[in-house]
Amino acid sequence: MATPQSDSSQSPLRTVAVVGLGTMGTGIIEVLAKAGRQVIGIDISGAQAARSVAALESSTARAVERGRLTEQERAGVLARVTTSTDLRAAADADLVIEVTPESYEIKQQVFRELDAIVRPTAVLATGTNALSVTRLAADSARPERVLGLHFFNPAPAMKLVEVVSSVLTAPQAVAAVTDLALELGKEPVAVGDRPGFVADGLLFGYLNQAAAMYEAKYASREDIDAAMRLGCGLPMGPLALLDLIGVDTARTVLDAMYTESRDRLHAPAPILKQLSEAGLTGRKAGRGFYTYEAPGSATVVPDALTPREGAAAMPGRPVRSVGVAGSGTMASGIAEVFAKAGYDVVLAARSEEKAEAARARIGKSLARSVDKGRMTAEAAAKTLDRITPAGCYDAFADVDLAVEAVAEDLDVKRQLFEALDKVCKPGAILATTTSSLPVVACARATSRPQDVIGMHFFNPAPAMKLVEVVRTVLTADDVHATVREVCGTIRKHAVDCGDRAGFIVNALLFPYLNNAVKMLQEHYASLDDIDAAMKLGGGYPMGPFELLDVVGLDVSLAIERVLHREFRDPGLAPAPLLEHLVAAGCLGRKTGRGFREYARR
C-alpha cells in the first residue's frame, strides 16, 4: 500500500474539489491535503466555508501538538487548500467529491451544474450512503464518469472507503479512485449500488432494531448501549451512535433501504420520525436519544430519563455462598468469578470427576492470571480454596444463590430446576444463564417461581463485564435487587431486560449477523470485504463471519431460529446459506471449517 503523499505527482487525480463543507467534507479535505493533493473546498455558504477552514486549522494544530505533523507539514497542508462559494472553482479538478445533504434534488442539481463546468475527463463522485448512485449517474451528461466514494466519519481516522460502481461506471474511473484511496492510506472496498452499501447496509438495520427496542420500553437507553458495548466490544452503543450520525440521517438511510428491500427490519422505527420532526436529531441539535451540553457537544448531561445515582433500592437477600451447576467452560468461568469476589462456591456436576476437572480448569486459569501479573499466587490459592467440587446437586442444600450453566436445552434445564427446587433451602435464589430460552419455563418447573431469575453471563465469564439480568413476570422484587447487588460485588455491569428471546445483546446481534450472511449469499460483496467493512467502517472488533465461526454456526442458527419463532418477522428467518453450512457439518472453528477453513489442532 502506498503511503500518503507518495507519488501524488503521478496520479491522474491530483486536484480534487470537495462540494459541501460540513463535518464530512472538511474531514475529506484534510485527508486529501495531507496526502499532497491540491484541494478546492466549495460550499454555497461563505460562513460554512470559513468554519471549515477554522476546523481544518484546529485539527492540524492538534496534530502538531501530538507530534503527528511538523509545523512545516501543517503549513503545507493549509497552503494546498482553497475555498470558494462558486461551483465554477471546480473547473480544473480531476475529481469532484460531493458531500451535500442526502437529497436527490440537491445532488442532481450539483451534478447538472458540474457537467457544464468540469473537464470531460474529470471523475464525479458522490459521498451518499443512502441514495442510488445509478440514478444520480443517469441524470448526468457523463454517467460513465460518475461513481460513489463513501468515506466514514471521522474521515481522517476511519480507514474504510467504499468505492461504489453503478452499471454505467467505466472501469477506468473505478481504478483511478481506488488507487487514490490506497494513496490516501485508506482500505478501499468495491461494492455495487444499493442503499447503505456494505457497512451501513448492515449497521443501520441493527441501529433501527435498537431504536425499536428502546421505543417498546423493553430496556433503558443506558442499558441497551451498555449491553452492546460490553457484550460485543463495540466502541459505542447503538443509541449514542444514532445521536452521533444524526437521527434524521438514519431515518433517510433506512427509508432508502426499506424502499429497496421491503424488509421490515429496515422500516424506520416510528421514534426516529418523532425525534426528527421534533428537531431532536442528536448531538448536532443538542438532544436526541440523550441530552447534550450544547448543540454539537459530545458531553451527555442528565435529563428526566437519566437513572438517579444512589436512589433508594429495595434491600436484597443475604448471599454468602453460591452454587454453580455445570462443568463446561461457562460454568467454570462463572465459579471463578464468584470465588474471586470472596464467595464460597460449590461447583456441582453430574459426576465427581467432571466437577474436579472443572475445578482444575479454574486452577489453570488462575495460574495464567498469576503469570500475567493480574493477581498474586497467594490470592489465586485462596480463590481456588473457596471452590468445593461436588458430584451431585445435594451439595446445594445451604447455598444462597444457585446458578445453572448446563446445556442450552430446555428439557435439561427444566429437570435441573426441578432438582434444585427440592434441594435448595427456602429463600435461595435460582438463576439460569440461558442466552435464548424462556426463563419463565425454568421458573414454572419449580414450586417457587418468584425466586427464579436470569443471569446471562458472557463468554469468557472472567473477562466479560456484562450480565443481562432477566426478570420474568413472576420474579420477586427482592430477588431482582439481590442479583443486582451480587453483580456489583462480582464487578460486573448489570443491565435489566425482560424475559423474551435474545434479551438485549443476542436480539440485536444475531439479526445483524444473519443479514451479513444474506449479503454474502446474494453475491453483493465478498466475505473478506464484508468483514473488513464492519471492522474498519463500524469499529467492530471482529467481522461478522469471523464472529460466526467463533460462536459456532450451529449455535448461531439455533439462536436465529428462536428469534424467528418468537417475533414471527420474515426478516429474521435464518439465511439459507447458514442452514446449508450447518447441515454440511461446517460449524466454524470447532470443526475446522465454517465460512472459512482453519488448521486442525
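**The cavities and their surroundings**

Mentor: Helix H7 (199-215) and H18 each give at least two residues to the lining of the largest cavity. This is a predicted model, and a search of the whole structure finds two cavities of 30 Å³ or more. The largest cavity holds about 40 Å³ of space. Its lining consists of Leu202, Gly205, Tyr206, Gln209, Leu265, Leu508, Pro511, Tyr512 and Asn515. By class, these residues of the largest cavity are six nonpolar, three polar and no charged.

The second largest cavity has a volume of about 30 Å³. Around the second largest cavity are Tyr206, Met228, Cys232, Leu234, Leu508, Leu509, Tyr512 and Tyr540. Two or more residues of this lining come from each of H8 and H18, and H18 gives the most, with three residues. The lining of the second largest cavity counts eight nonpolar, no polar and no charged residues.

Helix H18 (505-521) supplies at least two residues to the lining of the second largest pocket, as do helix H8 (221-232), helix H12 (329-340), helix H15 (410-423), strand E16 (452-457), helix H20 (544-551) and helix H21 (553-567). The second largest pocket contains about 1500 Å³ of space. It is lined by 49 residues, of which Met330, Ser435, Asn459, Val551 and Val555 are the closest to its centre. The lining of this pocket divides into 28 nonpolar, 14 polar and seven charged residues.

As for the chain as a whole, its secondary structure comprises 22 helices and 18 strands. The radius of gyration is 27 Å, close to the 25 Å that the globule rule gives for 601 residues, so the chain is as compact as a globular protein of that length. Along the principal axes, the C-alpha trace spans about 85 × 50 × 50 Å. Of the 601 residues, 53% count as buried. Among contacts with a separation of 6 or more, 69% are between residues 24 or more positions apart. The chain exposes about 25600 Å², and carbon and sulfur atoms supply 52% of that area.

Leaving aside residues up to four places away in sequence, valine 177 touches Leu13, Leu95, Val123, Leu147, Leu149 and Val163.

Definitions and conventions. Residues numbered from 1 in each chain as written. Predicted model: local features only at pLDDT ≥ 70, side-chain atom pairs only at ≥ 80, totals over all residues. Heavy atoms only, no water. 1 Å grid on protein atoms, 1.4 Å probe; cavity = no way out; pocket = protein on both sides within 12 Å on 5 of 7 lines; lining within 4 Å. Points joined across faces, edges and corners; volume = space filled by probe spheres on them. Helix = DSSP H or I, 4+ residues; strand = E, 2+ residues; numbered from the N terminus. Nonpolar A, V, L, I, M, F, W, Y, C, P; charged D, E, K, R; others polar. Rg over C-alpha atoms; globule rule 2.2 N^0.38 Å. Buried < 20%, exposed > 50% of the residue type's maximum accessible area, 1.4 Å probe, protein only. Contact = heavy atoms within 4.5 Å. Areas by Shrake-Rupley, 256 points an atom, 1.4 Å probe, with all protein chains shown as cover.
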